[in-house]
Amino acid sequence: MNALTSPRPTPHGSQAAAAPRRVGDEPTDASTEPDILCTDLVRIFTAASVEVQALQGLTLTVERGELVAVVGASGSGKSTLLAILSGLDTPTAGVARVAGRDLLTLSGRERVRFRRESVGFVWQQTSRNLLPYLTAAQNVAAVLAIAGKVKGAARGERAGELLDLLGVGYCADRRPGEMSGGEQQRVAIAVGIANEPRVLLADEPTGELDDETSAHVLEAMRDVNRELGVTTLIVTHDPAVSEHVARTVQIRDGRTATEVLRSTRRDESGAEHHVAEEYAVLDRVGRLQLPDEFVTALDLRQRVRLALEADHVGVWPGVAASSSSGQAVEASDVSADDEGGGR
Ligand SMILES: Nc1ncnc2c1ncn2[C@@H]1O[C@H](COP(=O)(O)OP(=O)(O)OP(=O)(O)O)[C@@H](O)[C@H]1O
Ligand SMILES: [Mg+2]
């Protein structure tokens, strides 16, 4: 597999040391720039003179080599986000940079190049990923041929290596109609990474698969991410994806709302424990979304009172009742440090 591409370092944990982000500047390969950078991203659709705000100031950063899942309910803006990140659609406002490219200013020609060289895609519909009249090997080879980087016979060999990497070498001579959904999606991943893109984007890649097959496909994506270092973003409505990735970002109403970080810790006896911690996302100007259940539990409406404490921020219902009784109810503690978490 080393013949395919050399692994890139995965700088988890080194993010804090990264240089200040330069938002919206010229294309660059500076190693400090995240591979995906969205700041206050807005996408408004106008259909029959009605405006739909599909993205309402979304902020998201994915560092080089990271594997991140974006999870959200139907209509929360996941596909809109991926369409922008893959260069298919242009945002109404905000910053969107992928693999060092500013997606708001790309010319038509640069856009074609960006889509061919910098990003790979896996879509939910298996039929959208693969050409039905070509075999798995031919599907991969066709992408290599279009890019023109790999010549003649070497393409077949490279296609074979990629299919082996995804564990579907045995499907090389089968057409999509002769493969299961899971096999087709693995081949689709091979097609997506054939040109060694810096970023792999997947929109509901397991949407048409059963739970067990979904888990295998997600593991295949994780292997590709680990072994090749390709920065990977998966969007899905399925919360189970968080078991396969270190970071899950929840999007609600076109904005990033919370993040779940998974890590492995050792206790005093040396035993390993998987820990998942949920954080509220704080944007550049200090906005955050309170979880629905918090808002409902304390019947928070319109206004809340905030109080800065030594190590957290308290949120109280802004109604007279709480102050007249002299007993404010603490709705949410938002820690000022990393350890406290948002919830
Ligand atoms: N071309 C369009 N014209 C008008 N409205 C659109 C268009 N595309 C998306 N929308 C609207 O934008 C919002 C977000 O849609 P999007 O497809 O991004 O959601 P999603 O999170 O991918 O949902 P799903 O899980 O159902 O795929 C929805 O309200 C949708 O109706
Ligand atoms: Mg969608």
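How do the axes of helix H4 and H6 cross? The axes of helix H4 (residues 136–147) and H6 come within 8 Å and cross at roughly 20°. Here axes are lines fitted to C-alpha atoms, for helices over the stretch in contact, and angles run from 0 to 180 degrees between N-to-C directions. Helices (H or I, at least four residues) and strands (E, at least two) are DSSP runs, numbered from the N terminus.

This is a predicted model, in which local features need pLDDT of at least 70 and side-chain atom pairs count only at pLDDT 80 or more, while totals for chains, interfaces and linings use all residues. Residues are numbered from 1 along each chain as its sequence is written, and chains are lettered from A and ligands numbered from 1 in the order in which they are written.

**The sheet of 7 strands**

- An open sheet with mixed pairing has 7 strands in the order S6-S7-S8-S3-S9-S10-S11; two strands pair if DSSP finds at least two bridges between them.
- Strand S6 (119–122) and strand S11 (272–280) are at the edges with a single partner strand each, so one side of each has no neighbour in the sheet.
- On average, neighbouring strands of this sheet are turned by 20° against each other, direction ignored.
- Strand S3 (residues 67–71) and strand S9 (residues 247–252) run parallel and are joined by 4 bridges.
- Val 70 stands opposite Val 249 in S9.
- Helix H1 (residues 78–85) packs on this sheet and touches S3, strand S7 (199–203), strand S8 (231–236) and S9; the direction of H1 makes about 150° with that of S7.
- Helix H7 (residues 211–228) also packs on the sheet, touching S3, S7 and S8, and the direction of H7 makes about 160° with that of S8.
- Strand S10 (residues 255–266) pairs with S11 in the antiparallel sense over 9 bridges.
- Tyr 279 in S11 is the bridge partner of Glu 259.
- The hairpin of S10 and S11 has 5 residues between the strands, and Gly 270 takes a positive phi near 90° there.

**The sheet of 4 strands**

- A further open sheet has 4 strands in the order S2-S1-S4-S5, with antiparallel pairing.
- S2 and strand S5 (101–102) are the edge strands, each pairing on one side only.
- S1 and S2 are joined by 10 bridges in the antiparallel sense, and Arg 43 stands opposite Leu 55 in S2.
- H1 packs on this sheet, where H1 touches S1, S2 and strand S4 (93–98); the direction of H1 makes about 65° with that of S2.

**Helix packing**

- H4 and H6 are therefore roughly parallel to each other; angles under 35 degrees count as roughly parallel, over 145 as roughly antiparallel, 65 to 115 as roughly perpendicular and the rest as oblique.
- The crossing of H4 and H6 is right-handed: a crossing is left-handed if the near helix is turned anticlockwise from the far one by less than a right angle, and right-handed if clockwise.
- Ala 136, Asn 139, Val 140 and Val 143 in H4 meet Val 187, Ala 190 and Val 191 in H6; two residues are in contact if their C-beta atoms, placed from the backbone, lie within 7 Å.
- By class, this contact of H4 with H6 has 6 nonpolar, 1 polar and no charged residues; Ala, Val, Leu, Ile, Met, Phe, Trp, Tyr, Cys and Pro count as nonpolar, Asp, Glu, Lys and Arg as charged, and the others, Gly among them, as polar.
- The axes of helix H6 (residues 181–193) and H7 come within 9 Å and cross at roughly 20°, which makes H6 roughly parallel to H7.
- H6 passes H7 in a right-handed crossing.
- Residues of H6 that meet H7 include Gly 181, Gln 185 and Ile 189; the contact has 7 nonpolar, 5 polar and 1 charged residues.
- H4 and helix H5 (residues 152–165) pack at about 120° with their axes 9 Å apart, which makes H4 oblique to H5.

**Around ligand 1**

- The shell around ligand 1 has 13 residues, the closest being Phe 45, Ala 54, Ser 74, Ser 79 and Thr 80; a residue is near a molecule or strand if its C-beta atom, placed from the backbone, lies within 6 Å of it.
- Strand S1 (36–47), strand S2 (50–62) and H1 each supply at least two residues of this shell, and H1 gives the largest share, 3 residues.
- By class, the shell divides into 4 nonpolar, 8 polar and 1 charged.
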